[in-house]
Amino acid sequence: MGLDRRFEPGSRVVLLDSRGRRYLITLSAGGTFHSHRGIVEHDRVIGEEDGSLVRTRTGEEMRAFRPTLSEFVLKMPRGAQVVYPKDIGAITVQGDLYPGATVLEAGVGSGALTIGLIRAVGPAGRVVSYEVREEFADTARANVEAFLGPVSNWEIQIGSVYDGVKERGVDRAVLDLPEPWRAVDPVGEALRGGGIFVSYLPTIIQSQRLTQELQSDSRWSSVLTTETLVRAWKIEGTSVRPEHRMVGHTGFITVARRVVPL
Ligand code: SAH
């Protein structure tokens, strides 16, 4: 992927200021970036390597980095609510995404989770994403390509996953939409034996309804719902304690395993 390349016009760069604030910019020759810490000339960043120190016009220090997946998804343009990085991590591990896997996804939203899925399956894998709203598909495509560059192993199908999917024998299915119980049947048709179904939902009422649907269908086993809480700690000299603020709630993850029915 050439991640050791030097920054060039068109590169996405995260500028980190001395207060820990992050700004995502796209470099252009002659461009300028304005923040409370001052003005950074893009030309001071172009040609530097990942992690370099750059200075504002008034001499304030900033660090320039290539964005990580987490930094990018928290700063990228969003139409719909994105899946938080901590949950992208949990979904890819609980869904057991692996290099070479074929994944069915719905819906795409702004494409934050999609980026994690495409990365997890790698160039030998494939992701097929269903999305009902064309304008979300366009935002997602722009975000995915802004972060990963052109991708040839990802396709978007415009349409509702509730109406059925044409894919068969997929290894994993990942859903982030409001009524996943309506997708249990079509996704059950698409997943191979031993395949894994993952759904991300904001309320436990939805998770309960989905769980009841999965438990009443002999094609599924090992149905489990979890939530992931991540608490950062402040460690400075002898002051060692949890940070005062944390993200209190995002969503619940429900997984199930596709079995070969009797
Ligand atoms: N995971 C995304 C956010 C998804 S938001 C991210 O991280 O950015 C939920 C998306 O599901 C919306 O874009 C919505 O249009 C889409 N959606 C809702 N119902 C759907 C359906 N039946 N089939 C496909 N997509 C659907």
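Tutor: This is a predicted model. Helices are DSSP runs of H or I with at least four residues, and strands are runs of E with at least two, numbered from the N terminus.

Student: Where does that place G107?

Tutor: G107 falls in the loop between strand 7 and helix 3. Strand 7 covers 102-106 and helix 3 covers 112-121.

Student: What kind of peptide bond joins A106 and G107?

Tutor: A cis one, with omega at about -20 degrees. Most peptide bonds are trans.

Student: What makes the phi of D96 worth a remark?

Tutor: Phi of D96 is near 50 degrees, a positive value, and D96 is not glycine. Most residues other than glycine have a negative phi. D96 lies in the loop between helix 2 (85-94) and strand 7.

Student: Now the ligand. Which residues are closest to the ligand?

Tutor: V83, E131, F136, S160 and D176, out of 23 residues that surround it.

Student: How far are the backbone atoms of A112 and G109 from the ligand?

Tutor: A backbone N or O atom of A112 is 3.2 Å from a ligand oxygen. For G109, a polar backbone atom is 3.3 Å from an oxygen atom of the ligand. Both values are within 3.5 Å, so both pairs count.

Student: How much of the ligand does the protein cover?

Tutor: 90% of the 590 Å² of accessible area that the ligand has on its own.

Student: Which elements give two or more residues to the shell around the ligand?

Tutor: Helix 3 and strand 8 (126-131). By type, the shell residues are 13 nonpolar, seven polar and three charged.

Student: Where does the ligand sit?

Tutor: In the largest pocket. The test is that more than half of the molecule's atoms lie within 2 Å of the pocket's grid points. The ligand sits there, so it passes that test.

Student: What volume does the largest pocket have, and which residues are closest to its centre?

Tutor: The volume is about 610 Å³. Of the 30 lining residues, A80, G107, D176, L177 and P178 are the closest to the centre. Strand 7, helix 3 and strand 8 each give two or more residues to the lining.

Student: How does the lining divide by residue type?

Tutor: Into 17 nonpolar, nine polar and four charged.

Note on methods: Residues are numbered from 1 along each chain as its sequence is written. This is a predicted model: local features need pLDDT of at least 70, side-chain atom pairs count only at pLDDT 80 or more; totals for chains, interfaces and linings use all residues. Side-chain values use heavy atoms; hydrogens and water are left out. A residue is near a molecule or strand if one of its heavy atoms lies within 4 Å of it. A polar contact is a pair of N or O atoms within 3.5 Å; within protein, one must be able to donate a hydrogen and the other to accept it, and residues adjacent in sequence count only if both atoms are side-chain atoms. Accessible areas come from the Shrake-Rupley method with a 1.4 Å probe; for residues, only the protein chains shown count as cover. On a 1 Å grid over the protein atoms alone, a cavity is a set of points where a 1.4 Å probe fits but cannot get out, and a pocket is an open set with protein on both sides within 12 Å along at least five of seven lines; lining residues have an atom within 4 Å of a point. Ala, Val, Leu, Ile, Met, Phe, Trp, Tyr, Cys and Pro count as nonpolar, Asp, Glu, Lys and Arg as charged, and the others, Gly among them, as polar. Grid points are joined across faces, edges and corners, and a volume is the space filled by probe spheres set on the points.
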